[in-house]
Amino acid sequence: MNTDTETRPTAARVEPLPPEARFSLRARAHHLDRISEALWVGVPRRIGDIAENDARRAVCLGPDEWLLTLPEDQGAGLKARMAEIRHDAPHALADISDRELCYRISGPGAAQIVAMGCPRDLRALVTGRAVRTVFDGASVILWREAEDSFRLDIWRSFAPHALALVETGIEELRAGL
Amino acid sequence: MSYRIPGRGRVDHADPVRFTFDGKSLKGLRGDTLASALLANGIHLVGRSFKYHRPRGIVTAGSDDPNALVETSRDSGRFEPNTRATVQELRSGLAAESQNRFPTLEYDVGEVNNLLAPLFSAGFYYKTFMWPRNFWDKVYEPVIRRAAGLGRAPTEVDPDHYASRYAHVDVLVAGAGPAGIAAALAAARSGASVMLVDENSEIGGSLLSEPGVEIGGTPAWDWLADAAAELEALGVQVLPRTIAMGYYHQNMVGLCQRVTDHLDTVPANAPRERMWRVRAARVVLAQGAQEKPLVFDGNDRPGVMLAGAAQTFLNRFGVRVCDRGVVVTSHDSAYHAAFDLADAGAVIAAIVDTRSEIRDDLRSEARARGIEVLASHTVTGTKGRLRIKSVRVNPVASGRVLSPRTLFCDALLMSGGWTPALHLFSHTKGGLAWDAEAQTFLPDRKTENCEIAGAGRGLWGIGAALADGAKAGAEAAGALGREATTPEFDVTTDRAGTGRAHEELPTDRNPSRVRAFVDFQNDVTAKDIRLAVREGMRSIEHVKRYTTTGMATDQGKLSNINGLMIAADALGKTPPEVGLTTFRPPYTPTTFGAFAGYHRGAHFEVTRKTPIDPWAEAHGAVFEPVAQWRRARYFPQGEEDMDAAVERECRATRASVGIFDASTLGKIEVTGPDAVEFMNRVYTNPWTKLAPGKLRYGVLLGDDGYVRDDGVIGRISEHQFHVTTTTGGAARVLNTMEDYLQTEWPDLDVWLTSTTEQWAVVALNGPNARKVLEPLVEGLDISNAAFPMMSVADCTVAGLPARLFRLSFTGELGYEINVPARHGLALWEALMTAGAPHGITPYGTESMHLLRAEKGFIIVGQDTDGTVSPQDAGLGWALGSKKADFIGMRGLQRPDLVAKGRKQLVGLLTEDGAVKLEEGAQITAERDAPLPRAMIGHVTSSYRSPALGRSIAMALVKDGHDRMGEIVYIPMENEVIAARIASANFYDPDGGRAKA
Amino acid sequence: MLLIHCPYCDETLPEAEFAYAGEAHVSRAAVPSEVTDEVWRDFLFYRSNVRGPHYERWRHVYGCGRFFNAVRDTVSDRFLTTYEAGAPKPALTDLEGQK
């Protein structure tokens, strides 16, 4: 990990994020109000939008798919509340807390690091949005946390590969050419 | 002697740079290219040609040079053939070597090819490399290929690394000459994000060679400095040393940026080159035009150079390319090269003009400098072995070539006019139109959102280029909804001109003796093109391939139009009737490194690793790739080879207990009120009656009825299944399920989630598996009665939350323990500790394959090949025949699938148990039937079985199920092996061990 | 690399996020066991392989995950339109103007 505090326009750093509870939620649109109540966070309807309520976040990844993230100690409670509404509001709630590893790439050169492996136009991914996309051949969820800060959720087994590119990129930016 | 003019050009006269050429130490200046530095040292001869090994010199000042290809090296491993001396910037210590010569550039034995030239006429390869057959190996490849090679391939691994980047901009401007700069400024001033790229080391294009021009009263180079400052202030991303190498769909342009080749020392971690994939809303092509050579006898001699190149070497690099030059031209522009050189102290012996009418101002300027102008003349030959010494010129009157005279010189500067650089435009399949007046093709019908500006669409002169560039930049901005203005440019001393295009110049000599080159690098002459037409080539594409004109590394930049003019003349057609050959990316030769980018070495491709991978690595596992995963294949101890390790692993598992990392198995959580209905429709088996807590082996077909995947599936609750798939099939199976769910059965309330990586999975197999596991389990009775074969339950294992499967892929008592992936390694280590008293033995994929083969369990993709039905595979029992439908159910009724004669999966036992069959070997019914013998099947799996003490195999054999006990034959190279067809369930056939 | 408009995300995105999924509007019989061998053969194997506008399926696999339909000109490699799975097949005459 690179922990320097360079501020030149090309500097970037990467850090692993601490574990959290993560769920994949699938449901039909007409049950979302009921589900939002149980989640304690309103699920967004537009793909790429993130809703947040007191450290619980819901990211709309597809027309019927959401990523839920919340503090680790709240996972069991969420599961229990959702189980109660299973008959009223059919859905799938899969625990994927261990499926991905998550990293933050930040610094003035962060967008360049992402652009080494992601073909998306990052200008269109404005702060406060997150999408599933591809990074160097691996499926990732890419969050824009700030103008110069991205979060990358990547399936665990792909992480060494993706991280190797990120580290290479940071060194490349440091060379300044 | 130095041909450098003190103080002149954009080189730094205060910063000398040492380099070597063919071992000789030379001096150049910072800002030189290798070519300009060589010319400053009076060196024109830089290489030998591809076919005839003729001495060749520098022809152009840019990336289009066909001759100036040299080998360059920086240090060990950093060696590159075919570096263009006109592109390579001089750096301290640069070592350059000429190519295609032995022993030296001056005395090359390969030059004998030149005397054999009549043998190497058009279509030489097609006519010669035909017969006899054994000449391929003995003569053509070893001798002719080597003699005709282009440079040497590097022998060491390239130590450099290469980068790549995606970029998105509003406007990409390719080419930073006057048109490109004006376009970038106009677009950027409107607020658009702009990227401006140029292949040269600095922006400026033709302005770098025309310092005498004034723009709005400002000298060109001062204007350029102002423009560069404004581009920076506007935030334009300016990339010099960057070639726009390909123009792809929907305004994606590939750029190759040279990052470190010009540096004396390379900073750590800096990439040598960077490939950019730029998506631009609008593209402005401002790549200018390329000067054409004239085609005449001896036009390839060192010292024969394009007039515009001589002008660039003089004005940009401060190098006078000759003491005494002759100019031959069909275009006005060459006059200015002559004037500039004369003003710099060179003698211009004459300007030979193929045209009869010459502009008065050019005549009077020549007269003022004492330069003789020879109108209506042709060039009919040159002399000089390693450097031109004289040129033979003749007047032409009424189509007749009159008597010659000889002009002595040390350089001949030629200009056949200019061709717009159409390459990138042509990559888009844009249409071209023939401009009869300018005698050139111009861009016409556009297929992409692009503008073409300046000389690239036939507008000559700095003023026209600036105005057109600004207009293109403003149009690009306007198309994006931005308001842009187009400034006026008041350009003085602009030197625009006109000219005409030619086929080869007329001559008074015996045409069979004339060597007038069209493609310098590939040694294609005008005569070759005419011969190709005589021999029946009608399409320009055929002429190109037959003669190889335009197929050199310059991709016909110099030769295409000349070749077309000659072919058209020979065919009696107009140039537009004949047309141009297709330009294809890349625009200039591009390194493999740039294309590979980061994907080399350990990063070559995605390598997925399981949570237990670090343990396997630390314990000496030998890995194998399985789909994108790397999996432990076996765990050798001491000096064991694979066979020995596998035998030990298998014996230990059957005797006590083995442990296996099964984390790569695909896993899909199927959840929802309609989960069971969905499972009934997807898998062949019936699922309705499978109780929660139970497992079933499931088979997945395609709608054609063939086996696609299999796996053990657990019913977790009424509304949830835990599906497992093969390692390689995980993504494909989920895709198939999503496909049917989304598009065929969107009414079903069921959802699919990949949990492959949520779980780490450890398989425990062997008679002592329960003894190892039982003490670690909490919350579940795993006795045989309480937790029998094919059960699933959630519990705690070694203090970790777990989902426990009881199943067997080995024939032994077996469990698969799923834990959240972060705990995978901890679980593995806990089981290793707990199993130590029982001699727990880790095994890899090889033993897993062997153990399952002893039981006759199939591996989809090894024992099936996409044309195997479940009945063929002996899995008919897994078909839910009472169901209304499942994927593949209808396919199973297809005539071909119910016919006799299908290949069916069986076991094979060689008559001699010591003989192991080859996987893939073909099978015949008879030992000695005449050839060709009918093949009735092939071996799919074959092993030496430690448990049976003999070889075993599985095979797909025609009507195999009806041939039990029959002997079949496997013909090999030196023997025919006899084998008996048997059940593939070789070991513990009643399955008692797994149920114990 | 093409740009493809995902009708679910309502964004035009790089081809690298998508996977081709064969010809569109090839319908699977509601009750396969009732159709003839010829009908089933045509469903499995017969494709139009057109030169020009082609109705085809794509999946936004590295994105929202949805299968959708598209009309792409196989000569120019241009997308004429994309639309959600299950939506009616657009008439070519309506698409001509968008070329």
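A crossing of two helices is called left-handed if the near helix is turned anticlockwise from the far one by less than a right angle, and right-handed if it is turned clockwise. In this predicted model, local features need pLDDT of at least 70 and side-chain atom pairs count only at pLDDT 80 or more, whereas totals for chains, interfaces and linings use all residues. Residues are numbered from 1 along each chain as its sequence is written, chains are lettered from A and ligands numbered from 1 in the order in which they are written, and side-chain values use heavy atoms, with hydrogens and water left out.

Within chain B, helix α5(B) (residues 178-189) passes helix α6(B) (residues 220-233) in a left-handed crossing, and their axes come within 10 Å and cross at roughly 35°. Helices here are DSSP runs (H or I, at least four residues), numbered from the N terminus, and axes are lines fitted to C-alpha atoms over the stretch in contact, with angles running from 0 to 180 degrees between N-to-C directions. Contact, meaning heavy atoms within 4.5 Å, joins I181(B), A184(B), L185(B) and R189(B) of α5(B) to W223(B), L224(B), A227(B), E230(B) and L231(B) of α6(B). By class, this contact has seven nonpolar, no polar and two charged residues, where Ala, Val, Leu, Ile, Met, Phe, Trp, Tyr, Cys and Pro count as nonpolar, Asp, Glu, Lys and Arg as charged, and the others, Gly among them, as polar.

A second pair, helix α18(B) (residues 642-655) and helix α23(B) (residues 845-855), packs at an angle of about 55° with axes 9 Å apart. The two helices are therefore oblique to each other (angles under 35 degrees count as roughly parallel, over 145 as roughly antiparallel, 65 to 115 as roughly perpendicular and the rest as oblique), and their crossing is right-handed.

Between chains, 46 residues of chain B are in contact with 42 residues of chain A, and the two chains bury about 3,700 Å² between them, 53% of it on carbon and sulfur atoms; buried area is the accessible area (1.4 Å probe) that two parts lose on being put together, summed over both. In chain B, Y166(B), W751(B) and R822(B) lose the most area to chain A, together 20% of what that side buries. R822(B) also forms a salt bridge (a side-chain nitrogen of Lys or Arg within 4 Å of a carboxyl oxygen of Asp or Glu) with D98(A), the closest N and O atoms being 2.7 Å apart.

Chain A and chain C bury about 1,000 Å² between them, and three salt bridges are found across their interface.
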